[in-house]
Amino acid sequence: MTDKLATQLLTAADELDGMSRSEIQVLLRRAALRVDNRTQEAGKTVLIREIMAVMDDFAAEQKLSRDEAVNAALLDWAIGMGLIQVDDLDDEEGE
């Protein structure tokens with residue numbers, strides 16, 4: 001099986017003139033996270049610098065750990081996207 005990101009990077013290298021700066025940035029960020037994740041312990045999530053700063057600020061405001069803040073943000077996102085129904089949450093999670 002071919003790695004999709006590797007294929008996209010190779011294609012981008014061949015078609016660099018036809019790509020926007022933002023498309024290149026997205027590919028490079030994804031590649032950097034992939035490389036960084038290989039040096040991380042399994043089960044750990046690596047956040048980009050901007051997201052980490054936002055999550056740390058949110059965590060401090062809400063008196064949460066970073067993990068709790070990330071879970072709260074993802075839960076809110078999933079509910080907003082209709083991926084999780086509020087009625088499906090356990091009482092503890094819904095509070």
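Predicted model: local features only at pLDDT ≥ 70, side-chain atom pairs only at ≥ 80, totals over all residues.
Local features need pLDDT of at least 70 and side-chain atom pairs count only at pLDDT 80 or more, while totals for chains, interfaces and linings use all residues. Residues are numbered from 1 along each chain as its sequence is written, and side-chain values use heavy atoms, with hydrogens and water left out.

Start with helix 3, residues 49-62. Helices here are DSSP runs (H or I, at least four residues), numbered from the N terminus. The 14 residues of helix 3 should span 20 Å at 1.5 Å a residue, and its end C-alpha atoms are 20 Å apart, which agrees. The expected span is 1.5 Å times one less than the number of residues.

Helix 3 packs against helix 4, residues 66-80. The angle is about 100 degrees and the axes are 9 Å apart. Axes are lines fitted to C-alpha atoms over the stretch in contact, and angles run from 0 to 180 degrees between N-to-C directions. Helix 3 and helix 4 are therefore roughly perpendicular (65 to 115 degrees). In contact (heavy atoms within 4.5 Å) are Met-52, Met-55, Asp-56, Phe-58 and Ala-59 of helix 3 with Arg-66, Ala-69, Val-70, Ala-72 and Ala-73 of helix 4. Eight of these residues are nonpolar, none polar and two charged. Nonpolar covers Ala, Val, Leu, Ile, Met, Phe, Trp, Tyr, Cys and Pro; charged covers Asp, Glu, Lys and Arg; the others, Gly among them, are polar.

Between helix 3 and helix 4 runs a loop that holds Lys-63. Most residues other than glycine have a negative phi. Lys-63 is exposed, at 75% relative accessible area. The classes are buried under 20%, exposed over 50% and partly exposed in between (1.4 Å probe, protein chains only).

Now the charges. The structure holds three salt bridges, each a side-chain nitrogen of Lys or Arg within 4 Å of a carboxyl oxygen of Asp or Glu. Asp-56 pairs with Arg-66, the closest N and O atoms being 2.7 Å apart. Asp-56 is partly exposed at 31%, and Arg-66 is partly exposed at 35%.

Salt bridges that share partners join Arg-29, Arg-49 and Glu-50 into one network. Arg-29 reaches Glu-50 at 3.5 Å. That bridge joins helix 2 to helix 3, 21 residues apart. Arg-49 meets Glu-50 at 3.8 Å, N to O. Arg-49 is exposed at 64%, whereas Glu-50 is partly exposed at 36%.

Key:
Helix = DSSP H or I, 4+ residues; strand = E, 2+ residues; numbered from the N terminus. Parallel < 35°, antiparallel > 145°, perpendicular 65-115°, else oblique.
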